[in-house]
Amino acid sequence: MGKFVVFDHPLIRHKLALIRDEKTGTKDFRQTVDEIGMLMAFEITKDLATEDCVVKTPVGLCNTQKISQEVVLVPILRAGLGMMNGITSLIPTAKVGFLGLFRDEETLEPQEYYVKFPPCIKDSYVLIVDPMLATGGSVCHAIDVVKRTGAKNIRYVGLVGAPEGVKKVRETHPDVDIYLAALDEKLNENGYIVPGLGDCGDRLFGTK
Ligand code: PRP
Ligand code: URA
């Protein structure tokens with residue numbers, strides 16, 4: 001069974017409180033989502049593989065290590081883009097695979113509209129990025145699409161999850177690690193996370 005981790009760190013709790021606040025505007029919302037993404041990515045990637053190497057410093061030779069795995073980030077459009085600057089500032093060499101999904105407002109089922117993955121994804125360390133895990137339909141679909149490439153080394157990172165979404169991903173893809181900044185109470189009748197933070201895509205991009 002993969003890991004299920006809900007981060008417990010004062011900085012993350014503080015920043016989450018900022019973005020949950022309905023009074024927080026686009027600029028601060030966007031900046032803070034990115035900051036949380038960076039903090040979470042730092043912790044998640046502690047299992048990245050490294051290899052030994054020797055570096056010549058100005059003073060002598062140093063036996064050290066460098067990352068030996070290709071990293072592919074897969075933001076689920078649109079809201080996943082909101083965490084990307086923070087994560088790529090930590091891992092500037094990461095490749096990026098885009099997956100465009102939106103939820104049908106009636107059925108809440110994910111509708112796919114764009115897929116573009118780097119060829120190396122199959123053998124890479126893959127991190128799927130989407131701030132909101134509500135019914136879990138979007139993340140499960142994303143994992144399906146990524147697995148179809150042959151990729152096996154897959155994690156998911158999000159900000160706020162509902163128990164319903166966590167259960168669905170755990171049952172459908174038990175091998176995939178889930179990392180969240182918070183696990184909330186429930187979904188409402190419209191499939192929104194309660195108390196959540198509202199519509200993350202709309203708040204990031206000012207579309208409402
Ligand atoms: C939101 C969110 C997730 C999805 C979560 O995207 O960013 O992708 O809903 O819901 P689920 O767990 O029930 O699938 P949305 O469909 O609103 O698209 P957007 O990011 O373009 O706003
Ligand atoms: N998508 C969002 O952006 N927010 C929710 O609460 C649920 C799905």
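Me: Which residue in β6 is the bridge partner of Ile76?

Reply: Leu99 is the bridge partner of Ile76. Keep in mind that this is a predicted model.

Me: And in what sense do β4 and β6 pair, parallel or antiparallel?

Reply: Parallel, over two bridges. β4 covers residues 71-77, and β6 covers residues 98-103.

Me: How many bridges does β6 make with β7?

Reply: Six, and that pairing is antiparallel. β7 spans residues 110-116. Within it, Glu112 is the bridge partner of Leu101.

Me: What sits between those two strands in the hairpin?

Reply: Six residues. Leu108 lies in that loop. Its phi is near 65°, a positive value in a residue other than glycine.

Me: Why flag that?

Reply: Because most residues other than glycine have a negative phi.

Me: Which peptide bonds are cis?

Reply: One cis bond joins Leu77 and Arg78, with omega about 0°. Arg78 is in the loop between β4 and α3, the latter being residues 84-90. Another cis bond joins Val194 and Pro195, again with omega about 0°. Pro195 belongs to the loop between β13 (193-194) and α6.

Me: How do the lining residues divide into nonpolar, polar and charged?

Reply: There are 14 nonpolar residues in the lining of the largest pocket, with eight polar and eight charged.

Me: You listed Arg103 and Tyr192 together. Where does Arg103 lie relative to that ring?

Reply: Over the face of Tyr192, at 5.6 Å from the ring centre. There is also a charge over a ring at Tyr125. There the charged end of Arg155 sits 3.8 Å from the ring centre.

Me: How many aromatic pairs does the structure hold?

Reply: Two. In one of them, the ring centres of Phe7 and Tyr179 are 6.2 Å apart.

Me: Where do the two partners come from in the chain?

Reply: Distant parts of it, 172 residues apart. Phe7 is in the loop between β1 (4-6) and α1 (10-20), and Tyr179 is in strand β11.

Me: Are Phe7 and Tyr179 buried or exposed? What does the model give?

Reply: Both Phe7 and Tyr179 are buried.

Me: What about the pair of Phe102 and Tyr113, which class is that?

Reply: Tilted as well: Phe102 and Tyr113 are 6.0 Å centre to centre, with 35° between the planes. That pair links strand β6, which holds Phe102, to strand β7, which holds Tyr113. They are eleven residues apart.

Me: How exposed are Phe102 and Tyr113?

Reply: Phe102 is partly exposed, with a relative accessible area of 46%. Tyr113 is at 44%, so it too counts as partly exposed.

Me: Which strands pair with β11?

Reply: β1 is one, in the parallel sense over three bridges. Phe4 stands opposite Ile178 there. β10, residues 153-161, also runs parallel to β11, and six bridges join them. In that pairing, Leu183 of β11 is the bridge partner of Gly161.

Me: Last topic, α6. Is Leu204 buried or exposed?

Reply: Leu204 is buried, with a relative accessible area of 0%. Its place is in helix α6.

Me: How far apart are Leu204 and Ala134?

Reply: C-alpha to C-alpha, Leu204 and Ala134 are 17 Å apart in space. In sequence they are 70 residues apart.

Methods
Residues are numbered from 1 along each chain as its sequence is written. Chains are lettered from A and ligands numbered from 1 in the order in which they are written. This is a predicted model: local features need pLDDT of at least 70, side-chain atom pairs count only at pLDDT 80 or more; totals for chains, interfaces and linings use all residues. Side-chain values use heavy atoms; hydrogens and water are left out. Two strands pair if DSSP finds at least two bridges between them. Helices (H or I, at least four residues) and strands (E, at least two) are DSSP runs, numbered from the N terminus. Ala, Val, Leu, Ile, Met, Phe, Trp, Tyr, Cys and Pro count as nonpolar, Asp, Glu, Lys and Arg as charged, and the others, Gly among them, as polar. Rings of Phe, Tyr and Trp (its six-membered ring) pair if their centres lie within 6.5 Å; planes under 30 degrees apart count as stacked, over 60 as edge-to-face and the rest as tilted. Buried means under 20% relative accessible area, exposed over 50%, partly exposed in between (1.4 Å probe, protein chains only). A charge sits over a ring if NZ of Lys or CZ of Arg is within 6 Å of the ring centre and within 35 degrees of the ring normal.
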